[in-house]
Amino acid sequence: MSRNESHRPPRRGGPPGPGGGPGGMGFGAPVQKAKDAKGTFKRLVAYMAPYKMKLLVIFIVAVLSTVFSIFSPKIMGKATTRLFEGVMAKFIMKVPGAAIDFHYIAQIVLILIVLYVVSSFFTYITQYIMADVAQMTVYDLREKVKDKLTRLPLSYYDSRKHGEILSRVTNDIDTISSTLQQSLTQLITSVVMIVGVLIMMLTISPVMTLIALFTLPLSAVVTQMIAKRSQGHFLSQSQALGELNGHIEEMYTGHKIVKAFGRENSSIGHFDQINERLYQAGAKANFISGIIMPVLSFVNNIGYVLICVVGGLFVAKERMALGDVQAFISYMRQFTQPIVQTANIANILQSTIACAERVFEVLDEVEEAADNPAATALEKPEGRVLFEQVEFGYTAGEPLITDMNIDVKPGQTVAIVGPTGAGKTTLVNLLMRFYEVGGGKITIDGKNIRDMKREHLRSLFGMVLQDTWLFNGKIRDNIAYGRKDATDPEVIAAAKAAHADRFIRTLPEGYDTILNEEASNISQGQRQLLTIARAILADPAILILDEATSSVDTRTEVYIQKAMHQLMQGRTSFVIAHRLSTIRDADLILVMNHGQVIEKGTHVELLEAGGFYADLYNSQFTTNTLASNQAG
């Protein structure tokens with residue numbers, strides 16, 4: 001609707017969801033937490049319920065993969081022991097006939113190769129099936145969100161930032177996808193690895209296991225202390241990055257204005273300030289969090305030294321084989337890694353559940369009231385529009401429109417005028433059921449619009465708005481957007497009627513010219529001509545024009561006015577006017593202020609009345625005359 005309209009529900013801003021997948025989460029990074037983590041987790045699991053058999057297979061295969069890798073150090077230790085015994089007997093003790101049992105060692109190596117191959121195969125199977133489950137789950141979720149967004153009322157979009165909605169539909173769902181695909185299998189293998197390795201360590205030596213476990217609390221305390229120090233810097237880094245992105249976007253979209261007013265140096269200076277803050281915060285965050293791994297390595301190495309000393313004593317006293325000491329050290333290395341992974345995955349899951357909660361909030365939004373099951377369509381719409389005692393307010397208890405009564409005859413041109421925020425666009429929103437009336441009723445040809453399906457109701461209208469909307473695609477497809485079955489001759493005829501055909505044919509590809517994402521490869525006036533051609537092609541019963549020629553030059557405006565006059569013949573037309581000189585020939589002028597129709601009549605009648613409209617018209621006329629004299 002009109003970009004000048006101020007009567008909107010209050011916007012609810014919010015920070016965008018975490019960008020990218022969970023792989024970006026690191027030590028010390030701030031974790032986004034859900035308000036109802038338990039309920040959200042159950043709901044997310046419910047989306048995976050149809051794939052429970054595949055999930056069971058994933059669990060079994062992941063366990064098998066981990067178990068095979070767990071046995072490898074123990075078996076390798078046997079080879080080390082046999083090799084050590086052979087070396088001792090042949091070279092140290094010089095036992096006659098002693099030799100290294102290479103045959104036994106070769107068998108062990110062969111067994112290890114088989115174990116590693118089988119483990120890798122199971123790991124691949126796990127990842128493959130989990131990727132399928134994750135993609136199908138997220139596919140179902142995206143479908144539900146897509147369907148939901150089509151059923152949400154316009155008030156939902158008016159009350160939220162577009163970036164926030166986009167973040168929930170893209171970033172948050174992508175985060176869920178990445179977590180399901182990667183982190184869940186890692187969590188299963190990490191837990192199984194921790195349990196399995198602990199059992200294997202206990203079977204080798206309970207004493208050495210206690211020594212190994214002693215280093216864990218120390219590692220946890222060190223990690224927690226450093227992570228707390230880095231979280232504040234990570235938060236500052238995130239805030240500075242968001243500010244930097246916002247500044248870049250703002251400067252890029254308005255680069256012409258920046259250059260026109262010579263503010264390049266100011267813009268660059270502001271960028272440098274934010275960039276410096278981002279650098280400082282990032283450097284501190286990464287420096288502090290980077291200390292974690294070296295400190296953990298130091299603590300773990302102390303544990304390895306103790307294990308080696310104790311293990312060496314046990315070997316010397318023949319209480320343990322050398323291969324068992326090697327196996328134990330391998331298990332100790334395997335033990336620390338899954339613990340760190342599990343802690344990291346726990347943070348990722350918290351953020352993922354928070355993302356899922358944001359997505360579920362969209363799915364839980366109140367939808368548009370369902371169409372009347374007995375709704376019927378107008379066979380031959382004539383275009384009589386009647387507002388009877390209509391009441392409406394965007395916020396409960398704050399009425400904007402009260403007791404509005406308007407009677408528009410078929411084929412009449414109705415102009416709606418008034419200052420910014422008067423409620424002009426609100427009236428059109430109610431007419432098309434973008435918002436539901438709070439009281440009274442609106443009828444078209446005597447039929448309550450509540451008793452019509454929204455799809456059919458909105459098909460009665462053709463719209464040309466002040467803010468042009470064109471999509472990335474061919475010009476012919478943009479014009480044909482108003483009618484699915486439009487033929488090429490009809491598209492060209494509509495373009496000619498809108499005086500767009502001439503400029504289209506001057507383009508390199510003509511009607512096959514691809515408009516870019518913002519249609520910035522054609523002028524604003526040309527964009528407006530295309531939207532008018534689209535409305536002409538749609539051949540609607542009722543027209544809504546929001547100062548459709550405001551972005552067109554004076555010469556083109558004359559042609560457009562003629563084309564629009566021809567288009568409006570025999571059709572009911574609602575014209576939201578900002579320049580009062582363009583609606584002097586309207587059959588009915590509605591003067592609105594503060595949501596109320598305070599005057600109605602023809603241009604001549606309203607001028608003779610000497611009321612609000614006359615003051616508004618005279619102020620515009622005086623301003624335009626003064627501007628013309630100054631220009632002359």
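This is a predicted model: local features need pLDDT of at least 70, side-chain atom pairs count only at pLDDT 80 or more; totals for chains, interfaces and linings use all residues.
Residues are numbered from 1 along each chain as its sequence is written, and side-chain values use heavy atoms, with hydrogens and water left out.

Partner of Arg433. I found a salt bridge from Arg433 to Glu436, with 2.8 Å between the closest N and O atoms (a salt bridge is a side-chain nitrogen of Lys or Arg within 4 Å of a carboxyl oxygen of Asp or Glu). Glu436 is partly exposed, at 23% relative accessibility. Both residues belong to a network of salt bridges that also links Glu368, Arg450, Arg454 and Arg458.

Count. I noted 27 salt bridges by this rule.

Asp132 and Lys54. I read 2.4 Å, N to O, for the salt bridge between these side chains. Asp132 is in helix 3 (residues 102–151) and Lys54 in helix 2 (residues 52–92), so the pair ties together parts 78 residues apart in sequence (helices are DSSP runs of H or I with at least four residues, strands are E runs of at least two, numbered from the N terminus). I found Asp132 partly exposed, with a relative accessible area of 30%, and Lys54 partly exposed at 36%.

Asp512 and Lys474. I read 3.9 Å between the closest N and O atoms of this salt bridge. The pair links distant parts of the chain, 38 residues apart: Asp512 sits in the loop between helix 15 (501–506) and strand 8 (514–515), and Lys474 in strand 7 (residues 473–474). Asp512 is partly exposed at 32%, and Lys474 is partly exposed at 34%.

Nonpolar cores. I looked up the largest nonpolar core, which has 42 residues; Ile479, Ile504, Leu530, Ile583, Ile589 and Tyr613 touch the most other members (a core is a set of buried Ala, Val, Leu, Ile, Met, Phe, Trp, Tyr and Cys residues joined through side-chain atoms within 4.5 Å). Helix 16 (residues 524–538) gives the most to this core, with 7 residues. A second, separate core has 37 residues, including Ile401, Val408, Val414 and Leu588.

Tyr613. Leaving aside neighbours within four places in sequence, I listed contacts of Tyr613, among them Val417, Leu580, Glu599 and His603 (contact means heavy atoms within 4.5 Å).

Key
Buried means under 20% relative accessible area, exposed over 50%, partly exposed in between (1.4 Å probe, protein chains only).
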